[in-house]
Amino acid sequence: MDENTPVFAITAAAGLTGMHPQTLRQYDRLGLVSPKRTAGQSRRYSMRDVVQLREIARLGSEGVSLEGIRRILELENRVVELGSRVRELEAALADELLGRSGRRVWASDASGEVVPMRAGQRARRNQVVVWRPPLIG
């Protein structure tokens, strides 16, 4: 079970957030929090939904309008999505750079000739190895 697993009925979620169940229904209608539905159309809230409801309550107590709260939550969710995408792209880039043989490591033999080395390949005793970090940015 993770933070996105819908486990809480509306009364449990209301108790965890200190809100009235009708307030949770209103927030669902407004699209501030969208709980999953059971086969019988009952709302089921995840821990992530509960945290988001608490954030809505905090922002509301600070005087932020419901439209402002909706926009803030939308932007926060977008930041989370983009962070995940950045991590995916960084992993793909790292895999690509590590998979390229001879593009980042070179060795020089006794005669001075420079030869590319594959990832993980060891230099012979009489070789000097030069490593250059990849240029990112």
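Where is the place of Gln41? In this predicted model, Gln41 lies in the loop between β1 and β2, and its phi is near 70 degrees, a positive value in a residue other than glycine. The model is a predicted one, in which local features need pLDDT of at least 70 and side-chain atom pairs count only at pLDDT 80 or more, while totals for chains, interfaces and linings use all residues. Residues are numbered from 1 along each chain as its sequence is written, and side-chain values use heavy atoms, with hydrogens and water left out.

The chain contains four helices and five strands, where helices (H or I, at least four residues) and strands (E, at least two) are DSSP runs numbered from the N terminus. Along the sequence these elements follow the pattern α-α-β-β-α-α-β-β-β. Of the 137 residues of the chain, 22% count as buried; buried denotes under 20% relative accessible area, exposed over 50%, and partly exposed the range in between (1.4 Å probe, protein chains only). Among contacts (heavy atoms within 4.5 Å) in the chain with a separation of 6 or more, 43% come from residues 24 or more positions apart.

In helix α1, the buried residues are Ile10, Ala13, Ala14 and Thr17. Viewed down the axis of α1, these buried residues fall within an arc of 100 degrees, so they line one face of the helix; the arc is that of the directions from the helix axis to the C-beta atoms. Thr11 and Gly15 are exposed on the other side of α1. The buried residues of α1 pack against α2, β2 and α3. Just after α1, Gly18 adopts a positive phi of about 75 degrees.

Two packed helices are described by the angle between their axes and the distance between the axes. For helix α1 (residues 10-17) and helix α2 (residues 21-30), the axes come within 9 Å and cross at roughly 100 degrees. This makes α1 roughly perpendicular to α2. Ile10, Ala13, Ala14 and Thr17 of α1 make the contact with Pro21, Leu24 and Arg25 of α2. By class, the residues of this contact of α1 with α2 comprise five nonpolar, one polar and one charged. Axes here are lines fitted to C-alpha atoms, for helices over the stretch in contact, with angles running from 0 to 180 degrees between N-to-C directions. Angles under 35 degrees count as roughly parallel, over 145 as roughly antiparallel, 65 to 115 as roughly perpendicular and the rest as oblique. Ala, Val, Leu, Ile, Met, Phe, Trp, Tyr, Cys and Pro are classed as nonpolar, Asp, Glu, Lys and Arg as charged, and the others, Gly among them, as polar.

In α2, Pro21, Leu24, Tyr27 and Asp28 are buried. Down the axis of α2, its buried residues fall within an arc of 115 degrees, so they line one face of the helix. The cover over the buried residues of α2 includes α1, β1 (36-37), β2 (43-44), α3 (47-61) and α4 (66-99).

Side chains of opposite charge can pair when their charged atoms come close. The whole structure holds nine salt bridges, a salt bridge being a side-chain nitrogen of Lys or Arg within 4 Å of a carboxyl oxygen of Asp or Glu. One of these joins Glu67 to Arg70, with the closest N and O atoms 2.5 Å apart. Glu67 and Arg70 are three residues apart in helix α4 and are therefore separated by about one helical turn. Glu67 is partly exposed at a relative accessible area of 47%, and Arg70 is partly exposed at 28%. A network of salt bridges links Glu67, Arg70, Arg71 and Glu74.

Arg78 forms a salt bridge with Glu81, the closest N and O atoms being 3.1 Å apart. Three residues separate their positions in helix α4, or about one helical turn. Arg78 is partly exposed at 44% relative accessibility, and Glu81 is partly exposed with a relative accessible area of 46%. The side chains of Arg85 and Glu88 likewise meet in a salt bridge, at 3.1 Å from N to O. Arg85 and Glu88 are three residues apart in helix α4, and thus about one helical turn. Arg85 counts as partly exposed at 43% relative accessibility, as does Glu88 with a relative accessible area of 48%.
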